[in-house]
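Opening my notebook on this one. I'll jot down what I look up as I go.

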Amino acid sequence: EDPPRVHGFLGLSLRGTTTNRNPSALTGGRVGFVFDDRFTIGGAFYSLTARYAGAIVDPRGNELGMRMAYGGILLGWTLYKGRVLDVGIESLAAAGAACISPSKRSFGRWSCIEKVGLVSIEPGLTFGLTLTDWVRVGMTAGYRFVTREAWRAPNDFTLSGPYIGLDIDFGAFRGNR
């Protein structure tokens, strides 16, 4: 009998989602270990990189931007594992911050008019395609549940929302079996 197999991975992630019910994009990274091709434990980090429509405007009519970043523990369980396709469930339990910014840019140094802390739980379904021994592409879908500190009135932005994602992971995905 083969000993249990453990392998690590490092990856990039892109998610289409909503912030305050407006289309948005998050980019991030993932890292973790997979035990016996079934159980994944690791971490992930995401940052809001684009927000479309639904401008945020201050009382004087100036357009403002929104920033959001969070990271935490990634847990996953593979329900079906084939040579090329795998199907599983995963969840990210994370903490971070969101901010209303005078700059509409989604990158660079944060300058905040108002900042709130947040906690996020993101259950999801994953479909992975192992392209080579070292590259896996994954598609994910789920929902981001966010609880946060209260914004000052009239700011009552909803950070929870559905997401669809694309992950590109690099690691030893096929063992010597």
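**Entry 1: Thr 140 and its surroundings**

I started with Thr 140, which touches Arg 15, Glu 90, Leu 125, Thr 126, Tyr 163, Ile 164, Gly 165 and Asp 167, leaving out residues up to four places away in sequence. Contact here means heavy atoms within 4.5 Å. Thr 140 is found in strand 8. Is Thr 140 buried or exposed? Thr 140 is buried, at a relative accessible area of 6%. My scale: buried is under 20% relative accessible area, exposed is over 50%, and partly exposed is in between, with a 1.4 Å probe and protein chains only.

Ground rules before I go on. This is a predicted model, where local features need pLDDT of at least 70 and side-chain atom pairs count only at pLDDT 80 or more, while totals for chains, interfaces and linings use all residues. Residues are numbered from 1 along each chain as its sequence is written, and side-chain values use heavy atoms, with hydrogens and water left out.

**Entry 2: the whole chain**

I looked up the elements next: the protein chain has zero helices and nine strands. Both kinds of element are DSSP runs numbered from the N terminus, helices being H or I of at least four residues and strands E of at least two. The C-alpha atoms fill a box of roughly 70 × 25 × 25 Å along the principal axes. Of the 177 residues, 44% count as buried. For contacts with a separation of 6 or more, residues 24 or more positions apart account for 63%.

**Entry 3: pairing around strand 3**

Strand 2 (residues 22-35) and strand 3 (residues 39-51) pair in the antiparallel sense over 12 bridges; two strands pair if DSSP finds at least two bridges between them. Thr 27 stands opposite Ser 47 in strand 3. The hairpin of these strands has three residues between them, and Asp 36 takes a positive phi near 55° there. Strand 3 also pairs with strand 5 (residues 63-81), antiparallel over nine bridges. Thr 40 has Gly 76 in strand 5 as its bridge partner.

I checked Gly 71 as well, which is found in strand 5. Gly 71 is partly exposed, with a relative accessible area of 27%. Its contacts, not counting residues up to four places away in sequence, are Ala 44, Phe 45, Ala 94 and Ala 95.

**Entry 4: the cavity**

How many cavities of 30 Å³ or more does the structure hold? It holds one. I define a cavity on a 1 Å grid over the protein atoms alone, as a set of points where a 1.4 Å probe fits but cannot get out; lining residues have an atom within 4 Å of a point. The largest cavity has a volume of about 300 Å³, a volume being the space filled by probe spheres set on the points. Of the 27 residues lining the largest cavity, Thr 40, Thr 78, Asp 86, Thr 126 and Arg 136 are the closest to its centre. Strand 8 gives the largest share of the lining, five residues.

**Entry 5: the nonpolar core**

The largest nonpolar core has 20 residues, and Met 68, Tyr 70 and Leu 159 have the most contacts inside it. Such a core is a set of buried Ala, Val, Leu, Ile, Met, Phe, Trp, Tyr and Cys residues joined through side-chain atoms within 4.5 Å. Strand 5 gives the largest share of this core, five residues. Beyond four places in sequence, the contacts of Met 68 include Leu 26, Leu 48, Trp 110, Leu 118 and Leu 159.

Key: 1 Å grid on protein atoms, 1.4 Å probe; cavity = no way out; pocket = protein on both sides within 12 Å on 5 of 7 lines; lining within 4 Å.
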